[in-house]
Each structure stands twice: as structure tokens, then as C-alpha cells.
Amino acid sequence: MAETWNKKEREKKKKQKKKQKEERKQDRLETAKSKDPNDIFSYVDEYGNVSSTPPDPTKNFAIKLEDVGLVFPNGKLRIS
């Protein structure tokens with residue numbers, strides 16, 4: 001069968017979409033390689049705000065297990 005104009009246009013559009021998809025894929029791969037590994041992590045400060053810098057280790061404090069109480073709907077206290 002002979003190729004019609006419509007068939008040629010559909011094939012042309014398919015090739016164009018495939019080419020654009022491949023270009024987007026390459027762009028994603030390039031930007032992923034160029035990113036700094038430290039940009040992947042995010043931290044939460046003592047006020048609950050998201051930050052790109054790690055928290056100050058001098059501000060850490062310990063919580064005793066006895067100070068934490070978990071209550072479940074059945075009324076039993078269970079710490080695990």
C-alpha cells in the first residue's frame with residue numbers, strides 16, 4: 001500500500017515526540033549528575049523549620065525514656 005499524507009504526518013509526529021522525550025531524559029540525567037550530593041539532604045531545626053544546614057551538635061539534649069509515655073486506645077501503656 002502506498003503511504004498517505006496523513007500516515008507520513010503521524011510518523012513524523014511520532015519521531016518528533018520520541019526525540020523530545022530522549023532530550024528530556026538526557027537533560028534529567030545531566031542535571032542529576034551535576035547536583036551536589038549535599039543538596040540532597042534537608043534538616044529540621046529545633047523549631048521544626050526545614051533547613052539545608054545540619055543542626056548545631058551543641059544544642060542536642062537527651063530525653064529519658066521514663067519521660068516519654070505512649071497511650072493507646074485500649075488504655076494500656078506500652079513502650080517499645
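View 1. Val 68 sits in the segment after β2 (50–51). With a relative accessible area of 38%, Val 68 is partly exposed (buried is under 20%, exposed over 50%, partly exposed in between).

**View 2. The salt bridge between Lys 12 and Glu 9.** These two side chains meet at 3.3 Å, N to O. The rule asks for a side-chain nitrogen of Lys or Arg within 4 Å of a carboxyl oxygen of Asp or Glu, and it gives a count of 1 salt bridge. Lys 12 and Glu 9 are 3 residues apart in helix α1 (residues 5–34), so about one helical turn separates them. Lys 12 is exposed at 52% relative accessible area, while Glu 9 is partly exposed at 21%. Helices (H or I, at least four residues) and strands (E, at least two) are DSSP runs, numbered from the N terminus.

**View 3. Confidence along the chain.** Mean pLDDT (the predictor's confidence in each residue, from 0 to 100) is 82 for the protein, with 84% of residues at 70 or more. Strand β1 (residues 43–44) has the lowest mean, 86, and α1 the highest, 92.

**Notes.** Residues are numbered from 1 along each chain as its sequence is written, and side-chain values use heavy atoms, leaving out hydrogens and water. In this predicted model, local features need pLDDT of at least 70 and side-chain atom pairs count only at pLDDT 80 or more, whereas totals for chains, interfaces and linings use all residues.

Technical notes
Buried means under 20% relative accessible area, exposed over 50%, partly exposed in between (1.4 Å probe, protein chains only).
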